[in-house]
Amino acid sequence: MNKSWTYRLNVLLFLLPALLLFCTILIAPIFLSVRDSMYSFSNFTGSDRVFVAFGENDNYLTLFSRYLKDGSTLNTKYIGNALVTAFILAALSTFVQLPLAMGIALCLGKGIRGERAYLTIFFMPVLISTVIIGQLWFKIYDPKGILNAALSAMGVDKSIFGWIQSASGSKWPFTGQWLAKGFGYTALIASFIPVLWQYIGYHALLMYAGVKGVPADLLEAGRLDGCTEGQLNRLIIIPYIKPILRVSVIFAVTGSLKSFDLFQTMFGRDNDPAVSVPSMLLYRFTSLSNEYGLGSATAVILIVLCFVFALLINLIFRNRGDKVA
Amino acid sequence: MSTAVNEKRPLGGKRKHSAIKPSRILIHLMLLVLVVVNIFPLYWMASFSLKTTPEIMGQEKVLNEETGKYVRLPANHVGLPRHWEWNNYPEAMKTANMGKLFLNSLIVSVFTILLTIIASFMATYAMTRLVWKGRKLMNKFFMLGLTIPIHAALIPVYLILKRIGLLTSTVEIIPGVLYLSHLSLIIPYAAFSLAMGILISVGFMGDIPYDLDEAAFLDGCGVWGIFFRVILPLMTPAISTLGIYTFLQCWNELLFATVYISDSAKFTLPVGIQQFFGQYTTDWGKIGAGLVIATAPTLIVYVLLSKKIQAGFMAGAVKG
């Protein structure tokens with residue numbers, strides 16, 4: 001074809017809207033975040049910008065120090081708890097939610113009466129706003145909510161079950177207090193249940209599509225060779241849908257790292273650094289305390305984590321895929 | 001697709017069908033338990049939206065006619081309401097300003113979808129139908145967007161928009177409907193849907209035969225003519241998939257909406273209901289009504305379009 005300058009101009013014009021959006025909103029902010037994370041400033045014009053990187057007021061140092069410099073008080077900007085919460089959430093999502101979803105997908109995908117109807121129902125919560133789901137479960141966990149009502153109907157003393165309501169800072173698992181208080185600390189598990197409830201249908205749908213895509217003759221061959229159903233699942237279906245499992249794992253992990261809506265709805269009111277996820281810190285630094293430097297540092301940590309985990313997961317799945325093939 | 005698998009099974013299954021029956025019933029039972037787990041919270045939400053707080057808490061008292069004393073009724077969590085408190089609905093509708101919230105969310109979503117579709121169709125056309133050096137590389141560059149979390153843009157874009165005054169602007173592009181400051185959501189949402197948009201479009205555009213381009217070219221169409229007259233009309237199936245995907249990305253988005261929008265007249269649905277919950281923490285009936293009102297339209301649309309919506313979700317994920 002002719003490569004005149006008008007042709008090149010046309011190529012550029014077609015790319016222009018996407019390039020503009022992409023570079024200004026996705027690419028440039030990464031560099032801006034890295035730069036801003038080296039400064040401390042609270043005026044949006046940046047007029048009070050002070051360079052703090054590598055010094056004792058370094059933003060990353062602040063985020064990762066558990067106690068204030070005098071060693072007495074807890075640092076409310078500490079990101080460690082939030083990160084561990086996100087990691088636990090990611091692990092639970094990957095190792096509890098995905099196997100369950102796989103089970104559903106296998107049950108449905110191999111042909112069962114009403115499979116589409118089941119799927120349609122399981123997928124429904126995915127579409128409901130997480131804000132609504134957070135509030136709904138907030139009500140379920142309420143001291144006077146249905147969970148405690150059910151427990152007391154079964155004769156369990158409900159007074160010890162705070163579930164997610166703030167109870168004298170004993171909420172985080174590694175603070176040690178939760179052991180003393182019995183079930184005083186339940187917030188982490190309690191917040192995982194809605195995640196499980198909402199997204200299991202999503203993963204089940206993806207995997208179901210995968211199971212449906214397994215060629216019928218492959219399964220036939222397996223059956224003729226005397227495979228049991230379990231062997232069919234393990235040796236044929238699961239290896240075959242590995243690309244979909246990879247997507248599911250990436251979604252589960254990066255989704256957990258980025259999670260915000262549910263936690264903000266359930267715990268945002270407490271404004272308690274003990275029960276938070278990284279995005280809530282980002283929100284607080286941006287909207288409540290105007291500590292843009294710290295916020296940018298949080299964003300950089302999130303970007304790096306998302307990239308690293310996506311890479312790692314791709315790597316893991318690539319190696320396993322090679323072995324199978 | 002599903003029937004093909006179903007029909008083949010009994011043939012090779014050596015009449016295994018009848019032997020499997022009891023386990024099938026077990027599977028159905030387990031699935032039905034899951035269905036109950038799925039539906040019950042929603043039923044509970046709907047049921048407490050029609051009750052008063054005293055009824056839920058068991059603080060309700062009625063006069064016992066025989067003894068002449070007031071008797072406390074038990075808490076009613078699970079059952080149907082003793083008296084249906086329909087009033088919760090108009091009150092929630094009014095105090096949360098639900099109509100306006102829906103309108104705002106709808107406007108933001110529609111324009112985000114439009115922008116995403118235009119940008120990704122055009123870019124995809126340039127990268128798959130036009131011949132130039134580096135088009136493969138450019139595609140890879142756009143695919144980076146799949147891994148970049150939306151959080152990356154929050155502060156930098158916020159600072160810039162605040163500086164140019166977009167966040168506090170009172171300009172109304174369409175009076176009472178589209179505000180200039182809604183652009184602060186539309187543009188980032190579109191930017192973050194773009195990578196998936198291009199991924200989906202590449203799949204769909206690849207299915208359009210290249211012969212059509214050549215025929216149009218011989219008929220005297222330029223690159224723009226081919227795009228508008230040949231490619232666009234054939235991309236209508238992609239519009240629904242891409243539109244549904246983008247819609248689901250922005251309809252429920254909270255982080256950007258809550259940071260960028262401070263004027264309650266411009267709130268989107270998630271921000272608005274978040275505020276509403278904050279104000280009415282103890283009035284269960286009203287909160288329940290708010291929850292139901294905010295959920296119902298999505299669920300109704302889902303019931304009507306469930307297959308399309310599921311396809312929209314899968315299109316991105318399976319290819320990605």
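Predicted model: local features only at pLDDT ≥ 70, side-chain atom pairs only at ≥ 80, totals over all residues.
Q: How many helices and strands does chain A have?
A: Chain A has 14 helices and two strands. Both are DSSP runs, numbered from the N terminus (helices: H or I, at least four residues; strands: E, at least two).

Q: What makes B:S201 count as buried?
A: Buried means under 20% relative accessible area, exposed means over 50%, and partly exposed lies in between (1.4 Å probe, protein chains only). B:S201 has a relative accessible area of 0%, so B:S201 is buried. This residue is found in helix α8 of chain B, residues 183-206.

Q: Which residues does B:S201 touch, not counting those up to four places away in sequence?
A: B:S201 touches B:S120, B:F121, B:T124, B:M235 and B:L242. Contact means heavy atoms within 4.5 Å.

Q: How do you know that the side chain of B:S201 and the backbone oxygen of B:G197 are in polar contact?
A: A polar contact is a pair of N or O atoms within 3.5 Å; within protein, one must be able to donate a hydrogen and the other to accept it, and residues adjacent in sequence count only if both atoms are side-chain atoms. Here the backbone oxygen of B:G197 lies 2.6 Å from a polar atom of the B:S201 side chain.

Q: Why do the buried residues of α4(B) line one face of the helix?
A: Helix α4 of chain B covers residues 88-95, and B:N88, B:Y89 and B:A92 in it are buried. Seen down the helix axis, the buried residues fall within an arc of 95°, so they line one face. The arc is that of the directions from the helix axis to the C-beta atoms. Just after α4(B), B:N97 takes a positive phi of about 55°.

Q: What makes A:R49 and A:D36 a salt bridge?
A: A salt bridge is a side-chain nitrogen of Lys or Arg within 4 Å of a carboxyl oxygen of Asp or Glu. The closest N and O atoms of A:R49 and A:D36 are 3.1 Å apart. A:R49 lies in the loop between β1 (39-40) and β2 (50-51) of chain A and A:D36 in helix α1 of chain A, so the pair ties together parts 13 residues apart in sequence.

Q: Are A:R49 and A:D36 buried or partly exposed?
A: A:R49 is at 27% relative accessibility, so A:R49 counts as partly exposed. A:D36 is at 2%, so A:D36 is buried.

Q: Why are A:E220 and A:R223 separated by about one helical turn?
A: They are three residues apart in helix α9 of chain A (residues 216-224), which means about one helical turn.

Q: How do you know that the salt bridge of B:D213 and B:R129 links distant parts of the chain?
A: The two side chains meet at 2.8 Å, N to O. B:D213 is in helix α9 of chain B (residues 210-218), B:R129 is in the loop between α5 (98-128) and α6 (135-143) of chain B, and they are 84 residues apart. Both are buried.

Q: How much area is buried between chain A and chain B?
A: About 9,000 Å², and carbon and sulfur atoms give 77% of it. Buried area is the accessible area (1.4 Å probe) that two parts lose on being put together, summed over both. The contact takes 92 residues from chain A and 96 residues from chain B.

Q: How many salt bridges and polar contacts cross this interface?
A: The rule finds zero salt bridges between chain A and chain B. It finds 13 residue pairs in polar contact, both residues at pLDDT 80 or more. Helix α1 of chain A (residues 5-36) gives the largest share of the side of chain A that touches chain B, 20 residues.

Definitions and conventions
Residues numbered from 1 in each chain as written. Chains lettered and ligands numbered in written order. Heavy atoms only, no water.
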